[in-house]
Amino acid sequence: MRDDRTDAVSWAREVLAAQGADVVAVEQVRQRAWSTVWRVRTGDGDRYLKTAPDGAAIEPALLEVLALHGIPHVQRAIAVQGNHVLLPDGGPIVRLADASERDAVWQQVMRNVAEVQWATEPAAADDLVRAGVPDVRLGVLPEVAAALVDRWAPELRSVLPMLSDTAAELDELLPMATLDHGDLHTGNAFARDAVPFDWGDASVSHPFCSLLVAGREDVPGAVDAYLETFFDEPGVAADPDVQHLVGLATTLAVVPRVLSWQRAIDAAGDAMPAAYRSAPRDWLQTLDSGSGESEVEGMTGIEDLRSACSGRLGVVLEGMTGIEPA
């Protein structure tokens, strides 16, 4: 890893020199077992350099795909090479924003994430998988879950039928595959322009999987802002059918979350602190509650939901069993 870090800094210096930027200083601002970040000070502003070991370095390719497809609300990399990515300064993070503005900014981040997901589905999502972003789409999620359970918590194989049924139900009701951030919180979004960043935990899965982590932020109205943007319908977050969809997806979202931790642990090797090595098992154990969303009654009001909503919801519902497009 030390050689990789040295190579990353040398590469960044070469890139900036070729662009005519004078590098004043390079300061390591974060080092974790699965990634390292530097602030590169230049005469015309700061840049940020990030690298990761093999197996955990999906972000450079992911950003290239999103740029190729013109996906909005995403940082554009200055340069990418292998496991390294050089990025512009995004400004302060939402978590450190002024308290009087923080909630409103986070709500806008959530709206922007919904826009990112719609722009990514389906063509960019296919390209992301081809570029190496983990494939946890609903059709393969049960198989991914089985492999994770076998490795990290074989005594929990009893949860696999529930996950399979939940994936099948969600795939029938709201069949989508797009970008799941994987670790969306106020520390992973810039206040300026309300842009999410740090896509190292991302996967291609159901869009609502991003709400597993984002929904834990104590910001009133943030999930509502996301859902209203996603469905292009004010007030839709209060609909029981939409709440059911969210419950299904956030149950399933444990699977890409565990996969992300597995990738980090495998990539970091002996450098991974012991405190993090139980993370995959800990997440899987959250599924063993015996009272999952799979026990909730079906979406009996889906016809009314289709009739009440317009635009995007009508598009998604075209794929639902027994429902004709609006």
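In this predicted model, Glu59 touches Lys50, Asp198, Trp199 and Gly200 when residues up to four places away in sequence are not counted. Glu59 has its place in helix 2, which covers residues 59-68. Because its relative accessibility is 6%, and buried residues are those under 20%, Glu59 counts as buried.

Nonpolar side chains in soluble globular proteins tend to be buried together. The largest nonpolar core of the model holds 66 residues, and the members that touch the most other members are Trp106, Leu163, Phe208, Tyr226, Leu227, Phe230 and Phe231. At least two residues of this core are supplied by each of helix 3 (99-120), helix 5 (141-152), helix 6 (160-173), helix 7 (211-214), helix 8 (222-231), helix 9 (240-252), helix 10 (254-268) and helix 11 (279-285). The helix that gives the most to this core is helix 10, with eight residues. Apart from this core lies another one, of 19 residues, which includes Val85, Ala124, Leu128 and Trp199; Trp199 is also one of the residues that Glu59 touches.

Helix 8 is mostly covered, with seven of its 10 residues buried. The buried residues of helix 8 are Ala222, Ala225, Tyr226, Leu227, Thr229, Phe230 and Phe231, and among these, Tyr226, Leu227, Phe230 and Phe231 belong to the group that touches the most other members of the largest core. Helix 8 is followed by Asp232, a residue with a positive phi, near 55 degrees.

Two packed helices are described by the angle between their axes and the distance between the axes. For helix 5 and helix 10, the angle is about 50 degrees and the axes lie 10 Å apart. The crossing in which helix 5 passes helix 10 is left-handed. On the side of helix 5, the contact is made by Leu141, Val144, Ala145, Leu148, Arg151 and Trp152, while helix 10 contributes Val255, Pro256, Val258, Leu259, Gln262, Ile265 and Asp266. Sorted by class, the residues in the contact of helix 5 with helix 10 comprise 10 nonpolar, one polar and two charged.

Methods
Residues are numbered from 1 along each chain as its sequence is written. This is a predicted model: local features need pLDDT of at least 70, side-chain atom pairs count only at pLDDT 80 or more; totals for chains, interfaces and linings use all residues. Side-chain values use heavy atoms; hydrogens and water are left out. A nonpolar core is a set of buried Ala, Val, Leu, Ile, Met, Phe, Trp, Tyr and Cys residues joined through side-chain atoms within 4.5 Å. Buried means under 20% relative accessible area, exposed over 50%, partly exposed in between (1.4 Å probe, protein chains only). Helices (H or I, at least four residues) and strands (E, at least two) are DSSP runs, numbered from the N terminus. Axes are lines fitted to C-alpha atoms, for helices over the stretch in contact, and angles run from 0 to 180 degrees between N-to-C directions. A crossing is left-handed if the near helix is turned anticlockwise from the far one by less than a right angle, and right-handed if clockwise. Contact means heavy atoms within 4.5 Å. Ala, Val, Leu, Ile, Met, Phe, Trp, Tyr, Cys and Pro count as nonpolar, Asp, Glu, Lys and Arg as charged, and the others, Gly among them, as polar.
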